Amino acid sequence: MLLLFETAAGYALFKVLKEGKLQEAEDLSADFSTPEGARKVVKLKAFSKFENTTEALAAAAALVDSKLSKGLKKFLKKNAEGDTLAVLDSKLGNIIKEKLNIPCIFSNGVMELTRGVRSQLQGLISGLAGQDLTPMSLGLSHSLSRYKLKFSPDKVDTMIVQAIGLLDDLDKELNTYAMRVREWYGWHFPEMTKIVADNIKYAKAIKLMGTRENAAERDFSGIPLEEEEESHLKDAAVISMGTEISAEDMMNIEALCDQVIALAEYRGQLFDYLKSRMQAIAPNLTVLVGELVGARLIAHAGSLINLAKHPASTVQILGAEKALFRALKTKHETPKYGLIYHASLIGQAAPKFKGKISRVLAAKCSLSIRVDALGESADATIGLESRSKVESRLRQLEGKLLGSESAQPRGKAEPQKYDAARQGPSGALLTAPQAYNADADVVMEPAKPDKKKKKRAAETEANGAAEQPEQKKKKKKAAAAADTVAETADTLAALAASDLPVQEEEDGAQAVEPAERKKKKKKKQAEDSEAADAAEAAPEKKKKKKSERYFEGAAAAAGSDDAPAADKPKVCDLCK
């Protein structure tokens with residue numbers, strides 16, 4: 001029986017001298033306590049040394065995956081035919097048995113035997129010193145770890161995280177320095193700020209021109225400035241309202257301009273480096289969202305592997321965590337996009353479709369990220385296919401908008417051919433024409449008078465008839481009141497003619513002369529007749545009370561000029 005044993009230096013085949021020891025697994029530890037005892041149990045038969053680290057890594061990787069490598073196959077054919085082979089891996093033993101027809105066994109005794117051989121390996125293999133085996137094992141373990149983790153120096157996403165962070169810092173510093181240059185030099189040449197809008201061109205123009213007096217002598221085509229900008233700049237330099245500056249001030253301004261130009265150049269180099277790194281590490285993600293957005297997604301997640309673990313819904317709102325938790329806390333709508341909003345595909349969509357496109361793009365990005373992180377292919381096939389699908393979805397949404405009524409072409413409609421079968425409000429529907437139905441005719445009846453109007457007219461007539469007897473009764477009452485006043489006046493006149501003293505009534509009223517009373521009576525009768533005529537002509541007007549009419553007539557008689565003021569009799573308080 002032979003024992004297959006693999007080391008960092010190569011394959012080894014040991015002859016088992018005491019096969020009965022395999023069944024007594026507990027007693028093997030005592031036999032392998034010393035090198036001499038180990039030589040009594042096993043003996044080295046053959047050894048195949050690895051030529052280099054690459055071959056050792058390939059052999060170790062094949063054994064880890066339970067595969068039969070070419071080197072092991074040749075070694076076993078040469079040295080193990082006709083014998084029983086003890087192996088540690090049952091899967092590998094089945095493969096050897098199928099391909100090489102070598103019987104293989106696997107048991108707990110084989111595992112204990114292998115453990116004992118490993119403990120006394122230097123004594124069993126002559127020429128293999130400990131100082132040689134230790135570095136071999138260390139190098140092979142590192143290489144095997146890199147292989148298992150799919151580690152490659154070109155796949156280091158830490159460089160992307162640092163590069164995008166430095167790029168953002170450079171943008172902030174560059175803007176700060178450029179604004180400082182504009183503010184500082186603006187005291188000397190304020191008109192230049194509106195003429196030259198680009199910060200880098202502004203700094204280069206200051207570096208070339210110096211003070212504004214030299215603007216007419218300089219050629220700004222190397223910056224480059226457009227001809228219109230250059231002409232405006234030279235014209236403004238002649239009539240500038242800025243203050244004068246010293247040579248020392250100008251020297252410091254130019255030093256700051258050098259810093260701005262150097263930072264801009266370094267930023268361009270860093271962006272090119274970031275593009276190359278993104279193309280190497282995440283080509284599919286770069287095709288979908290671009291270099292900057294892809295790098296920010298990786299930096300926000302921490303690494304490409306961590307980003308690959310996120311679902312599509314998390315990738316969609318990555319970067320909008322504050323808005324998400326604020327919306328959940330206040331029970332408002334959650335955000336639809338985060339860092340992915342700056343992708344060109346979302347920028348192309350209409351505002352009402354940005355949420356849908358961001359959801360579709362996040363799903364495709366999640367797939368592309370996993371391919372980049374865990375796949376072995378370096379091309380961007382998945383990314384290109386995913387981008388075409390997102391673009392087709394965008395066209396589909398825009399097509400629905402174009403097909404709506406709001407996007408119909410305006411202008412005069414084209415005349416259509418007459419079709420008797422396509423009539424009615426919806427001409428696209430094919431319906432049979434309907435014939436004339438005489439039974440469906442209806443004769444119009446005269447409209448019935450309204451009962452409410454009849455009732456209102458009857459009530460109006462009844463009210464008018466009831467008002468006439470009331471007016472007659474009022475006239476009779478007015479005449480009776482006038483007769484009573486006349487009799488009272490006659491009685492008072494008779495008393496005055498008989499020279500009898502006038503007795504005061506219980507209320508203290510005095511008598512009135514008969515002539516005055518007669519005048520009042522006549523005027524009262526005339527006024528009553530006029531009031532009756534007016535009531536008949538306009539019944540809607542309100543009539544005055546009898547007492548009011550009487551006292552108005554008395555007041556009018558008292559104010560007349562027929563009798564002298566001295567002869568006027570006194571009037572009692574009741575008559576007033």
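Tutor: Start with burial: a residue is buried under 20% relative accessible area, exposed over 50%, and partly exposed in between (1.4 Å probe, protein chains only). This is a predicted model, in which local features need pLDDT of at least 70, side-chain atom pairs count only at pLDDT 80 or more, and totals for chains, interfaces and linings use all residues. Residues are numbered from 1 along each chain as its sequence is written, and side-chain values use heavy atoms, with hydrogens and water left out.

Student: Is glutamate 230 buried or exposed?

Tutor: Glutamate 230 has a relative accessible area of 12%, so it is buried. Lysine 234, at 23%, is partly exposed.

Student: Which parts of the chain does the pair of aspartate 83 and lysine 45 link?

Tutor: Aspartate 83 forms a salt bridge with lysine 45, the closest N and O atoms being 3.5 Å apart. This pair links distant parts of the chain, 38 residues apart: aspartate 83 is in the loop between α4 (70-79) and β4 (85-86), and lysine 45 is in strand β3 (residues 42-49). Aspartate 83 is partly exposed at 23%, and lysine 45 is partly exposed at 44%.

Student: What do arginine 267 and aspartate 171 form?

Tutor: Their side chains meet in a salt bridge, 2.3 Å from N to O. Arginine 267 belongs to helix α13 (residues 247-281) and aspartate 171 to helix α9 (residues 158-186), so the pair ties together parts 96 residues apart in sequence. Arginine 267 is partly exposed, with a relative accessible area of 24%.

Student: How do I read contacts, and which residues does isoleucine 200 touch?

Tutor: Contact means heavy atoms within 4.5 Å. Isoleucine 200 is found in helix α11 (residues 199-209). Leaving aside neighbours within four places in sequence, isoleucine 200 is in contact with Val260 and Ala264. Isoleucine 200 counts as partly exposed, at 21% relative accessibility.

Conventions
Helix = DSSP H or I, 4+ residues; strand = E, 2+ residues; numbered from the N terminus. Salt bridge = Lys/Arg side-chain N within 4 Å of Asp/Glu carboxyl O.
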